[in-house]
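The sequence and structure are shown first.

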Amino acid sequence: MSVSAVVVSHGHAAELERSLPALAPQVDELVIVSNLPGSVGAVPAGARVVENDSPRTFAANVNRGIAETHGTFVLVANPDAVPEPGAVERLAEFAAARPRCGIAGPLMRYSDGTWQPSRRRFPTVGGTIVRRTPLRKVLRPQIRQIDHYLLEDRPTTPVQADWMLAAFLLLRREMLDELGGFDPGFRLYGEDIDLCYRAAKAGWERWYVPQAVVVHAHDAVTDRRFLTRRTIWHWRGIVRFVRKHPERLKAL
């Protein structure tokens, strides 16, 4: 059992200074994909940097990193995700013991130590409209949409999940090969939901493993501001997801 890690940096050299030293000792192979010039500074010994000639989507960058690695499992990590000691080992041991576990995700905490809702339900039409329009100012989805964010369900033992944030996910290479990796048509948002949804349809399990803990800053720009470039990217991701999986329109 070996674990390769892929980290995509889009101008996040400062964040990497904190996350890479925590991640590198926990994996067998580390590849950093630099999406923009100056996105990567000093790296731990043995790590490799892949430079892009021109920017790519997050999913395309992850796929490129996956293709550069050889581990049984591939850990996809954001530059602002810092694993606590033993986090990767706990995820890998758990997944290795379950042949149909294609995806394993940790318990995540914000930088101040508070719990982060990283395990979620597959989206519904109504919930998406509330979360991605000005209605959220009134309806406050992170309070009202308890079922989506699983706000009242904080398990202390592993449980299966619909999907989890791609900020830190352990992926079985066999599953990635079968599914064709991430869909590069998603520019930034929705690729994690899409991967987990395709995995579910193919019979791969997705597990939330709270014994593994990761501190994730989680900028969440689209949760705070409307009408930014990222808002447009988010809506494009939603439209792409629905086009690929029209049956989700029945989930109101």
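Which residues of the largest nonpolar core touch the most other members? The model is predicted, with local features requiring pLDDT of at least 70, side-chain atom pairs pLDDT 80 or more, and totals for chains, interfaces and linings using all residues. Residues are numbered from 1 along each chain as its sequence is written, and side-chain values use heavy atoms, without hydrogens and water.

In the largest core, which has 36 residues, Val62, Val76, Ile103, Leu171, Met175 and Phe182 touch the most other members. Helix α9 (residues 191-201) gives the most to this core, 5 residues. A nonpolar core is a set of buried Ala, Val, Leu, Ile, Met, Phe, Trp, Tyr and Cys residues joined through side-chain atoms within 4.5 Å; buried means under 20% relative accessible area (1.4 Å probe, protein chains only). Helices are DSSP runs (H or I, at least four residues), numbered from the N terminus. A second, separate core of 31 residues includes Val27 and Phe168.

The structure holds 3 aromatic pairs (ring centres within 6.5 Å; planes over 60 degrees apart count as edge-to-face). Tyr197 and Phe241 form an edge-to-face pair, 5.5 Å centre to centre with 65° between the planes. Their positions, in helix α9 and helix α10 (residues 229-244), are 44 residues apart. Ring pairs also join Phe122 with Tyr197 and Phe241 in a cluster.

| Arginine | Ring | Distance to ring centre |
|---|---|---|
| Arg100 | Trp204 | 3.6 Å |
| Arg240 | Phe186 | 5.7 Å |

Terms used: Buried < 20%, exposed > 50% of the residue type's maximum accessible area, 1.4 Å probe, protein only. Helix = DSSP H or I, 4+ residues; strand = E, 2+ residues; numbered from the N terminus. Phe/Tyr/Trp six-rings, centres within 6.5 Å; stacked < 30°, edge-to-face > 60°. Lys NZ or Arg CZ within 6 Å of the ring centre and 35° of its normal.
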